[in-house]
Amino acid sequence: MSQLFAAVYEISSATVGRPSLRLNLVVNRDNASVLGAATLETVTGDVYEMPVRGHHMEIEGDEPLQAIVLAGTPPVFSVLDEQPSSFQMLMVLPTAWKEGQACYKMSFGKLYPRVIDVRDGRARAVLPEAAY
């Protein structure tokens with residue numbers, strides 16, 4: 001029996017004027033691996049997408065938390081000027097009674113490098129969009 005499942009998360013910042021992030025992931029429970037795509041949309045409407053991979057883990061404590069650590073997998077060959085070149089993320093997964101927390105960093109731009117750094121992300125699970 002397959003241990004694969006899809007997960008879709010939206011991450012927004014508590015700060016006004018910050019970008020929103022959508023994660024479309026496939027999680028393999030057999031080996032705790034995660035694959036998918038991170039799509040960042042800025043307040044100006046620019047959209048950047050990058051393939052990601054990482055691991056699902058449990059953070060021990062009085063109330064154990066589930067978390068995902070992700071890193072971007074940029075193209076092997078040179079990227080265009082406006083494509084993302086790196087992505088890192090740590091997200092404590094949301095539960096039925098509590099929002100998740102996330103911090104991430106995405107860099108892009110070859111000629112004029114820029115970094116988007118969000119440390120106050122609020123994560124929530126959403127239903128995948130139906131394909132027509």
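Here is a short chat about strand pairing, one threonine and the aromatic pairs in a predicted model.

Student: Before we start, what are the ground rules here?

Tutor: It's a predicted model, where local features need pLDDT of at least 70 and side-chain atom pairs count only at pLDDT 80 or more, while totals for chains, interfaces and linings use all residues. Residues are numbered from 1 along each chain as its sequence is written, and side-chain values use heavy atoms, with hydrogens and water left out.

Student: What makes S2 and S3 a strand pair?

Tutor: Strands are DSSP runs of E with at least two residues, numbered from the N terminus, and two of them pair if DSSP finds at least two bridges between them. S2 (residues 20–28) and S3 (residues 33–41) run antiparallel and are joined by nine bridges, so they pass that cut-off. Arg22 stands opposite Thr39 in S3. The two strands form a hairpin with four residues between them, and Ala32 in the turn has a positive phi of about 65°.

Student: How do you know that S3 also pairs with S4?

Tutor: S3 and S4 (residues 47–59) have nine bridges too, in the antiparallel sense. Here Leu35 stands opposite Arg53 in S4. This hairpin has five residues between its strands, and Gly45 in the turn has a positive phi of about 95°.

Student: What makes the link between the side chains of Thr39 and Glu49 a polar contact?

Tutor: The distance is 3.0 Å, and the rule asks for a pair of N or O atoms within 3.5 Å; within protein, one must be able to donate a hydrogen and the other to accept it, and residues adjacent in sequence count only if both atoms are side-chain atoms. Thr39 also has contacts (heavy atoms within 4.5 Å) beyond four places in sequence, including Leu21 and Tyr48.

Student: Why is the pair of Tyr48 and Phe108 called stacked?

Tutor: Rings of Phe, Tyr and Trp (its six-membered ring) pair if their centres lie within 6.5 Å; planes under 30 degrees apart count as stacked, over 60 as edge-to-face and the rest as tilted. The structure holds two aromatic pairs. In the pair of Tyr48 and Phe108, the centres are 4.4 Å apart and the planes at 25°, so it is stacked.

Student: Why does Tyr48 count as buried?

Tutor: Buried means under 20% relative accessible area, exposed over 50%, partly exposed in between (1.4 Å probe, protein chains only). Tyr48 is at 9%, so it counts as buried.

Student: And why is the pair of Phe87 and Tyr104 called tilted?

Tutor: Their centres are 6.1 Å apart and their planes at 35°, so the pair is tilted.
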